[in-house]
Amino acid sequence: MPAKEEKNGEEITNPYQIAKRLIERATKTLELQEGVYDILKKPKRVMKVSIPVRRDNGDVVNYTGIRAQHTDILGPTKGGVRFHQNVSEDEVVALSMWMSLKAAIVSIPFGGGKGGIIVNPDELSERELEELSRGFIRELEPVIGPEKDIPAPDVNTDQKIMGWMLDEFDRLRGHNVPGFITGKPLIIGGSEGRLEATGRGVVITIKEAAKRFDYDLSKMTAVIQGFGNVGSITAKYLEINNVKVVAVTDAGGGAYQPKGMNISELIEYVKEKGTVSGFPGSEEISNDDMFAMECDILIPAALENQITGNNAGAIKAKIVAEAANGPTTPEGNRIMEEKGIFIIPDILCNAGGVTVSYFEWVQNTMHYAWKEAEVIEKLEEKMIEAFKIVYEMREEKRVKMREAAYLVGVGRLAQAMIARGWIKNWKMPIDC
Ligand code: NAD
C-alpha cells in the first residue's frame, strides 16, 4: 500500500509544494535531466504590486496584487485573475504552473500565468472594485500585453471586470488592444462560447470517461461543489446530457434534491439570492454531506484543498471531475486512487477555459469573429484529443490519470526545450 502523503505528520496543502512534487515526479519518470525540473520548478517572473484604492468613506486602503508568469517557452503566458482574501504568492505561482501544463496538454501556444489580489470583493462597492481592477492593470502594464501575458477571469472576476481592465490597458497604450485580455464582453471583442467554455469542457471530459467505461450518462447522478461560472455551466451541460444533478453547494450553503434539480431555475434563483441555499424544494446540506453522498460523479468547482485525507475516504462517486484548480490534496488523491475512483485531473478537466481564451485571442489577432458553432466544434476537438492523449499515456506508462496528465504536460514542455536547443537527446515516450 503506498505511504501516506504527509510531511512531518501533516497533510501537504501548499499548492506550490504540490505542483512542484508532481512536476518533479514527472521529470523523473520521463528520465529528463535535472535541469528541466530546475527550470520548471520556478516561475520566470513574479510581480508583486501595491494598489491604493480610495474607499467610498474617504479612507485609502492599499491592496496587494500578484502576477506570476511561469514559463513562456510555448508562447505568451496566459491565465486568470482571482480576487480573494486568501490569495498568496504560493497559490498564484502554483496556478501559473498548472496553466503551463494545461496549455501544453490541449496543445495551444501559450505559457502559464496567473494573477490575484488579496481582497474580499464582497466588501467593496462597484466603484471601489473598478478602481482596484484598473489599478492592478496600471501597475502590471510593463509586463503584460497580447504578446507577453494575457489575463482572463477566475474566482470572483467576470466579464465586467475584464471590460474595465481592457479599457485601462487601451488607455495606457493609446489605442485598442483587444487581444490583451480574454473573457471580455462580446461587444468589445469577446468570443462566442467563452463564458461557457470551462464548464462545457468539463462535461466533454466526463463524456469521454463514460465512453471508456461504458457508463450510460442518463443513468448517472452528479453532485457539484461551487456554483459560480464553472459549477453552474457544468451543471447546465450535465442536465443537457441527461445526468441528474442532485446536490450543489456554494460559499453560502448547499441544496439537495434527490429527484434532480432544475438547473435553469437554480441559476435564476442564485442570480437573485446569491447562493444555492434555500432553493425551493431542496434540503439544506453541507460540503461534507455532499462529498459523502451516494452519486456517480463528484465535481469540485470551487477552490483548492477541498478533497483531503479527512473526507476522501467517504467519497462514493465513480468519477471525480476536477473542474476547480488544485481541489485535491496529495493524501486525498492517494485515498481516492486506492479506492479505484477515476479522477479527471484539473489540468485536463478544466482546460476548456484556456482553450477558448486562445480562440478569443486568435480572433482578436485576426480582427474576425467566429460563430458559436465554430468555437464549440473546435473546443470539442481539442478536449477530446487532449483526453485521448492523456488516456494513452496512462495505458503506456501504467499510471493514473493525474500522473499521465503531468507526463504529457511536462513532456511537451521538454519537447519545446529541445526545439529551442536548451536540452538534447531525449524522446517523448508516446507520439504526441
Ligand atoms: P466563481 O467565483 O465564479 O465561483 C466560485 C464558486 O465557489 C462560487 O459559487 C462560490 O460560492 C463557491 N465557493 C467558494 N468557497 C466555497 C466553499 N468553501 N464551499 C463551497 N463552495 C464555495 O469562480 P469560477 O470561475 O467558477 O472558478 C471556480 C474554480 O474553477 C476555480 O478553482 C478556478 O480557478 C477554476 N477555473 C475557472 C476557469 C474559468 O474560466 N472561470 C477556468 C479554469 C479553472
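In helix α8, the exposed residues K271 and E272 sit on the face turned away from the buried side of the helix. This description, like the rest of the passage, rests on a predicted model. The buried side of α8, which spans residues 263–273, is made up of I263, L266, Y269 and V270. Viewed down the axis of α8, these buried residues fall within an arc of 115°, and they therefore line one face of the helix.

Residues E377, E380, E381 and E385 together form a negative surface patch. One of them, E380, belongs to helix α13, which covers residues 372–397. The relative accessible area of E380 is 35%, so this residue counts as partly exposed; membership of a patch calls for over 30% relative accessible area and no salt bridge.

Turning to the backbone, two loop residues deserve a look. S107 is a residue other than glycine with a positive phi, near 60°. The loop that holds S107 runs between α3 (89–105) and β6 (111–118). With a relative accessible area of 43%, S107 is partly exposed.

N242 likewise has a positive phi, near 65°, and is a residue other than glycine. Its place is the loop between α7 (229–240) and β9 (244–250). N242 is exposed, its relative accessible area being 52%, where the cut-off for exposed is over 50%.

Notes. Residues are numbered from 1 along each chain as its sequence is written. This is a predicted model: local features need pLDDT of at least 70, side-chain atom pairs count only at pLDDT 80 or more; totals for chains, interfaces and linings use all residues. Side-chain values use heavy atoms; hydrogens and water are left out. Patches are made of residues with over 30% relative accessible area and no salt bridge: like charges are joined within 9 Å, nonpolar side chains (Val, Leu, Ile, Met, Phe, Trp, Tyr) within 5 Å. Accessible areas come from the Shrake-Rupley method with a 1.4 Å probe; for residues, only the protein chains shown count as cover. A salt bridge is a side-chain nitrogen of Lys or Arg within 4 Å of a carboxyl oxygen of Asp or Glu. Lys and Arg count as positive and Asp and Glu as negative; His and the chain ends are not counted. The place of a charge is taken as NZ of Lys, CZ of Arg, CG of Asp or CD of Glu. Helices (H or I, at least four residues) and strands (E, at least two) are DSSP runs, numbered from the N terminus. Buried means under 20% relative accessible area, exposed over 50%, partly exposed in between (1.4 Å probe, protein chains only). The arc is that of the directions from the helix axis to the C-beta atoms.
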